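I opened the model and went through it with a notebook at hand. These are my entries, in the order I made them.

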Amino acid sequence: MDNFFSDREGEDLYYMRLALQEASKAAERQEVPVGTVIVYGNEVIGRGHNRREELQSPMAHAEILALEDASQNLGSWRLCGCTLYTTLEPCVMCVGGILQARISRLVFGCLDPKGGAVESLYRLGEDPRLNHRLAVAYGLLEVECAAVLDQFFSRLRGKKLSALSNQLSAKGGGEGLKADR
C-alpha cells in the first residue's frame with residue numbers, strides 16, 4: 001500500500017475530481033458525501049455516490065453503485081484492468097465488492113479511521129489469504145476529500161444541536177438539568 005501515485009498523476013487528479021463531483025451530488029441529497037468513478041482505459045465506465053437514505057439500502061454505497069454501473073456498461077462482472085477512484089477509504093463491504101469485481105487499482109482520497117478496510121483498520125487489498133490483490137494509492141486530493149466530509153458532518157451536528165436547543169426551549173430552557181454523577 002502506497003500513498004504515492006503513478007506517472008499518471010495528472011490522469012489520477014482528473015478522475016479524483018470527477019469522484020468529488022459525485023460526492024457533491026450525494027451532499028446535495030443530504031447523503032454522506034462519498035463519490036466514486038471507475039475508469040477503463042481512458043473512459044469512465046461507472047459512477048456512483050452514496051444513496052443509502054434515498055434508497056433505504058445499506059448496500060447503496062458509492063463504490064457498490066459504481067461497480068454495478070461499470071459491470072452493466074462493460075457487460076461483465078469482471079472489471080480487470082479498471083481503476084476505481086473514490087473520495088473516502090472503502091469499508092469492508094465495498095472492498096469485498098472491489099475484490100470480487102477484480103478491480104486492478106484503487107485510488108482513494110482520505111483515510112477512514114473508523115471504517116476503512118484498505119489501510120486504517122484492515123488491509124484487505126493485500127491479504128494473502130484472498131485470491132485477488134489490489135494495487136492501492138491514497139492521499140490524492142486528501143484535503144479536499146476530507147473537507148467535503150467535515151462540512152457535511154458539521155452541518156449535521158449543527159442541525160442536531162439546533163433541534164436539541166429548540167426542544168429544551170420548549171420545555172422551559174433546560175432549567176433544573178443536572179449532570180449524572
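**Entry 1: pocket terms.** I set the terms before looking. On a 1 Å grid over the protein atoms alone, I call a set of points a cavity if a 1.4 Å probe fits there but cannot get out. A pocket is an open set with protein on both sides within 12 Å along at least five of seven lines. Lining residues have an atom within 4 Å of a point. Grid points are joined across faces, edges and corners, and the volume is the space filled by probe spheres set on the points.

**Entry 2: ground rules.** The model is predicted: local features need pLDDT of at least 70, side-chain atom pairs count only at pLDDT 80 or more, and totals for chains, interfaces and linings use all residues. Residues are numbered from 1 along each chain as its sequence is written, and side-chain values use heavy atoms, with hydrogens and water left out.

**Entry 3: the largest pocket.** I looked up its volume, which is about 500 Å³. The lining has 21 residues. Nearest the centre I found Val-32, Leu-88, Asp-112, Leu-149 and Phe-153. I then sorted the lining by class and got 12 nonpolar, three polar and six charged residues. Here nonpolar is Ala, Val, Leu, Ile, Met, Phe, Trp, Tyr, Cys and Pro, charged is Asp, Glu, Lys and Arg, and polar is the others, Gly among them. Which element gives the most to this lining? Helix H5 (residues 142–170) does, with four residues.

**Entry 4: the chain as a whole.** Helices (H or I, at least four residues) and strands (E, at least two) are DSSP runs, numbered from the N terminus. I counted five helices and five strands. Along the sequence the pattern reads α-β-β-α-α-β-α-β-β-α. For burial I use relative accessible area with a 1.4 Å probe, protein chains only: buried is under 20%, exposed over 50%, partly exposed in between. Of the 181 residues, 43% count as buried. Contact means heavy atoms within 4.5 Å. Among contacts between residues at least 6 apart in sequence, 59% join residues at least 24 apart.

**Entry 5: the sheet.** Two strands pair if DSSP finds at least two bridges between them. I traced an open sheet of five strands in the order S2-S1-S3-S4-S5, with mixed pairing. Its edge strands are S2 (43–49) and S5 (135–138), each pairing on one side only. The twist averages 15° from one strand to the next. For angles, axes are lines fitted to C-alpha atoms, for helices over the stretch in contact, and values run from 0 to 180 degrees between N-to-C directions.

I followed the pairs in turn. S1 (residues 35–40) and S2 run antiparallel, joined by six bridges. Thr-36 stands opposite Gly-48 in S2. S1 and S3 also run antiparallel, with five bridges. Val-39 has Thr-83 in S3 as its bridge partner. S3 and S4 (residues 105–110) run parallel, again with five bridges. Thr-83 turns up here too, opposite Arg-105 in S4. Is S3 covered or open? It is mostly covered, with seven of its seven residues buried.

**Entry 6: helices on the sheet.** Helix H3 (residues 62–74) lies across S1, S2 and S3 (82–88), at about 145° to S2. In H4 (residues 92–100) the buried residues are Cys-94, Val-95, Gly-97, Ile-98 and Leu-99. They pack against H3, S3 and S4. Arg-102 follows H4 and has a positive phi, near 65°.

**Entry 7: two glutamines.** Gln-30 sits in the loop between H1 (9–28) and S1. Its phi is positive, near 65°. I class Gln-30 as partly exposed because its relative accessibility is 49%. Gln-56 lies in the loop between H2 (52–55) and H3, with phi near 50°. Gln-56 counts as exposed, at 61%.

Entry 8: Cys-110 is in S4 and is buried, at 4% relative accessible area. Leaving aside neighbours within four places in sequence, I list its contacts as Thr-87, Leu-88, Glu-89, Glu-142, Cys-145, Ala-146 and Leu-149. From Cys-110 to Leu-140 the C-alpha distance is 7.6 Å, across 30 residues of sequence. Gly-139 is in the loop between S5 and H5 and is partly exposed, at 26%. Its C-alpha lies 9.6 Å from that of Glu-89, 50 residues away along the chain.
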